[in-house]
Amino acid sequence: MSSQIPKVAASEGAEALLRAWLASLAGLQDASTHTITAYQHDVAGFLGFLGQHWGGPAGRATLGEITIRDMRAWMASERARGIEARSLARALSAVKSFYRWLAEHEGVEASAVAATKSPRLKQRLPRPIPAEAAKALISDTVLMHEEPWINARDAALLTLLYGCGLRISEALGLTHSTLPWGETIRITGKGNKTRIVPVLPQVREAVANYLKLCPHPAAPDAPIFRGFRGGPLNPAIVQKLVRDLRHLTGLPETTTPHALRHSFATHLLEAGGDLRTIQDLLGHASLSTTQTYTAVNQAQLMDIYRSAHPRQRKA
């Protein structure tokens, strides 16, 4: 967490409360650095708005006097600045978290904050790619680099993302201590939650082929997927790889490393997998997150219907 709180129109007392809340997120709730930075930005911006809206710095006492009208004014101001509904919903979530902490630790109650409704969000459907396209993406890695071991690395990594449905951070976090892989592997995901994921023979073969060619020493605590000089592979390198591959194969911009995870889930569902099993394999905390893949199937069916129905073709 950064030690520097962004300059906001708030009293020293309010800034101290913000610091204390951020410290509690880092120390007690084990929030990620990315989450803390985002929450810091959102709540600091909120306090800055209140200072301008009220015509004076937001302080500890005034934080408890906030009204529904103040909250609506803040949200209207954010939308006027071009903030999208999803980003505003995240900011409101951060503000509510801050106020829950204030109520618990400082006795600052503000029912107006709790009562403020999040903006309605348009559901974002996952953007999987067809199975044949995923296979082509992986096979074309042999064209991308002069070093055979790097091509083998890239093929193994993309095969792992698609074959096991891993997040890129999960794949890059794997070390040699997890080897050799059998029919399953234990994955540590978001919130340090672990899950057991089946490993297909194709995944094991791709990883084994890469490891035979990799020139870097395989210490137990060393990452499996290495950069050119032997350090941990940077996610940005993987993202660039997939960008280059999608341009080569003519795939849409929605083809990203994470799209391979979406494809894993969607293709399992199409093959008859049940939602609870897919939820466990993906490590989703909520079944509602996994259910978005059923919406993808419905959308695909409607596309087929529109292209095949006589009246739709005539129109």
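Student: How many disulfides does the structure hold?
Tutor: The structure holds zero disulfides, a disulfide being a pair of cysteine sulfur atoms within 2.5 Å. Before we go on, this is a predicted model, where local features need pLDDT of at least 70 and side-chain atom pairs count only at pLDDT 80 or more, while totals for chains, interfaces and linings use all residues. Residues are numbered from 1 along each chain as its sequence is written, and side-chain values use heavy atoms, with hydrogens and water left out.

Student: Why is cysteine 164 called buried?
Tutor: Buried means under 20% relative accessible area, exposed means over 50%, and partly exposed lies in between (1.4 Å probe, protein chains only). Cysteine 164 has 0% relative accessibility, so it counts as buried. Cysteine 214 has a relative accessible area of 14%, so cysteine 214 is buried too.

Student: What makes aspartate 42 and arginine 90 a salt bridge?
Tutor: The rule asks for a side-chain nitrogen of Lys or Arg within 4 Å of a carboxyl oxygen of Asp or Glu. In this pair the closest N and O atoms are 2.9 Å apart, and a salt bridge is formed. Aspartate 42 sits in helix α2 and arginine 90 in helix α5, so the pair ties together parts that are 48 residues apart in sequence. Helices (H or I, at least four residues) and strands (E, at least two) are DSSP runs, numbered from the N terminus.

Student: Why are the two partners labelled as they are, aspartate 42 and arginine 90?
Tutor: Aspartate 42 has 8% relative accessibility and therefore counts as buried. Arginine 90 has a relative accessible area of 39%, so it is partly exposed.

Student: How do you know that glutamate 170 and arginine 195 form a salt bridge?
Tutor: Their closest N and O atoms are 2.8 Å apart, and the pair forms a salt bridge. This pair links distant parts of the chain, with glutamate 170 in helix α9 (residues 168-172) and arginine 195 in strand β2 (residues 194-198), 25 residues apart. Glutamate 170 counts as buried at 6% relative accessibility, and arginine 195 counts as buried at 8%. Salt bridges that share partners join Arg167, Glu170 and Arg195 into one network. By the rule, the count comes to seven salt bridges.

Student: Helix α11 holds leucine 245 and leucine 248. Why is leucine 245 called buried?
Tutor: Leucine 245 has a relative accessible area of 0%, so it is buried. Not counting residues up to four places away in sequence, leucine 245 touches Leu137, Asp140, Thr141, Met144 and Leu158.

Student: And why does leucine 248 count as partly exposed?
Tutor: Leucine 248 has 47% relative accessibility, so it counts as partly exposed.

Conventions
Contact means heavy atoms within 4.5 Å.
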